[in-house]
Amino acid sequence: MDKLETADLMIYAMSREIENNNTVLHGVSSPLPILAMSLARKTHAPDMAFVSGAEGVDPDVERIYLSSFDPRQNRDAVGYFGLHEVFDLAQRGELHVMFLGSAQIDRYGNTNLSVIGSIDNPKVQLPGGAASAFLMPITPKVVIWSARHTPRTFVEEVDFVTGQGYNHRSQEQMKNEMTIVSNLGVMNFKNPDRVMQLQSYHPGHSIDEIRRNTGFDLRVAPDVTETPFPEPQIVELIRAMDPDGIRATEFG
Amino acid sequence: MRKALCGLKEAATLVKDGDVLTTGGATFHRAPMEFLREIIRQGKKDLVLVDREPAIDFDLLIGAGCVAKVRAGLLAFELLGFAPNFRKKAESREIITKEGACQPIIAGFRAAAMGIPSLTVRGMLGSDLLEISEILGSQREVEDPFTGEKLIAVRAIEPDVAVIHAHEADEYGNTRIEGPVYEDVIKAKAAKTVIVTAEAIVPNEEFRRKPEATKIPHFLVDAVVHAPNGAYPCSCFNRYDVDYDHIREYIAAVNNDRFGKYLDEHVYGRAGLWTNSKQRI
């Protein structure tokens with residue numbers, strides 16, 4: 001698969017994490033989440049509430065831009081809802097799905113977006129976690145996407161816990177779900193130990209290959225399967241919103 | 001009502017060395033760029049910058065040597081990559097970074113807007129960010145006195161100055177913003193001094209004709225500046241779009257040791273207001 005096909009497959013997988021009637025938010029630098037949310041609304045989740053980081057509610061995303069906050073993405077929105085208002089909603093438990101990124105992720109789902117090396121003497125100063133530390137433990141479903149599934153990104157232990165995995169949560173927060181969609185497969189934590197397991201491998205990639213590209217001993221779900229590739233009409237919907245292929249940017 | 005309209009240079013003198021400064025907008029949208037270029041021309045030093053998700057606004061001030069500390073939830077150039085000056089100077093320890101998270105920063109502004117010393121928020125517990133914040137004294141774990149729930153108390157953030165670029169203002173400081181408002185109104189309530197730069201100065205009667213369109217009333221505003229294209233190269237909704245090509249040039253300049261030349265050309269070389277007519281729509 002080329003970059004665009006991989007992106008399309010990931011977008012399709014991410015869109016299926018959204019249920020009809022969900023209230024869903026995307027943040028900054030989020031081309032895949034925007035396309036996944038738009039796709040879900042055009043297909044299986046027509047009644048979802050789409051809240052954009054650009055503040056538009058239920059916009060008709062004609063196309064995406066290099067900035068995920070570009071106000072042109074708010075076309076045909078029914079209204080505006082500011083981030084502080086969405087955060088109020090999240091504290092009430094009424095923001096159902098959030099998409100977040102990661103530079104490193106470990107077996108418990110801890111994410112690092114802050115620093116490679118130590119915080120006092122960074123090897124790489126990363127951009128920062130934005131809403132991760134706030135939303136990860138309290139949102140019923142968090143979907144993390146990663147365009148680079150390697151042993152350097154899927155690590156034994158993150159250098160810094162920006163977003164909280166299952167070993168950094170209260171008992172009550174353990175019920176909140178996390179799904180990881182990478183360029184190689186889909187992972188979740190649906191086991192009693194709450195550790196990462198492979199739920200599906202993308203076409204063209206094997207379970208062994210994915211385990212080799214993971215920096216810890218990745219479990220495999222008993223019902224592991226192949227990730228479905230989107231039907232041509234689904235791919236067409238995605239491509240119409242991103243004719244320039246901005247969604248391939250993250251794939252290096 | 002007191003007249004607040006003044007020139008760009010005069011308004012920028014309200015910013016003092018060492019001030020805590022926040023800017024309106026988010027990432028590449030409606031940042032008060034022309035005002036920040038004037039701050040650089042006036043050689044301000046040791047500023048402490050705080051915002052939820054800034055981008056080229058903070059990076060430009062950092063690159064020009066105006067900044068001592070940065071506190072942000074995320075500081076990057078969206079899909080164009082790292083904020084180049086921020087990354088360089090953070091890694092070389094020329095600036096102090098205090099990473100926050102979006103919600104505590106917004107809650108800090110809200111606490112200041114409400115006139116209370118702190119505000120509690122959910123989440124955050126279990127993140128290493130909280131440890132840093134506790135050391136800095138900006139956040140602390142607390143127990144809600146009524147339910148016993150463990151929460152985070154965020155200390156109020158009261159900026160010395162908030163600078164907001166808006167669509168329309170009158171000479172008294174009444175301000176209209178079209179489209180996304182971000183935390184601009186909260187910041188206007190939270191800051192000690194509020195400066196509005198506006199695409200257009202319109203008669204006071206315009207505001208009286210449609211008061212519901214007023215986002216910031218005059219008594220919150222200390223200075224108003226007429227700054228057409230004042231957000232450029234960032235967007236100003238309904239007026240002009242982001243100039244992504246300019247931002248690419250900016251990144252290339254920093255990464256190829258040509259940032260001094262960039263400043264000469266785009267900041268020091270322009271004493272007056274930016275007028276790039278091709279950006280108008």
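A residue is termed buried if 20 or more other C-beta atoms, placed from the backbone, lie within 10 Å of its own, exposed if 12 or fewer do, and partly exposed in between.

**Basis of the report**

The structure is a predicted model, in which local features need pLDDT of at least 70 and side-chain atom pairs count only at pLDDT 80 or more, while totals for chains, interfaces and linings use all residues. Residues are numbered from 1 along each chain as its sequence is written, and chains are lettered from A and ligands numbered from 1 in the order in which they are written.

**Phe207 of chain B**

Phe207(B) counts as buried because 20 C-beta neighbours lie inside 10 Å. The residue belongs to helix H8 (residues 204-209) of chain B; helices (H or I, at least four residues) and strands (E, at least two) are DSSP runs, numbered from the N terminus.

Leaving aside residues up to four places away in sequence, Phe207(B) touches Asp170(B), Asn174(B) and Thr214(B), contact requiring C-beta atoms within 7 Å.

**A sheet in chain B**

In chain B, three strands form an open antiparallel sheet in the order E5-E7-E6. Its edge strands, each pairing on one side only, are E5 (118-121) and E6 (139-143) of chain B. Two strands pair if DSSP finds at least two bridges between them.

E6(B) and E7 (residues 150-155) of chain B are joined in the antiparallel sense over five bridges. Within E7(B), Ile152(B) stands opposite Glu141(B).

**The interface between chains A and B**

Contacts link 42 residues of chain A with 46 residues of chain B. On the side of chain A that touches chain B, H3(A) gives the largest share, four residues.

Definitions and conventions: Contact = placed C-beta atoms within 7 Å.
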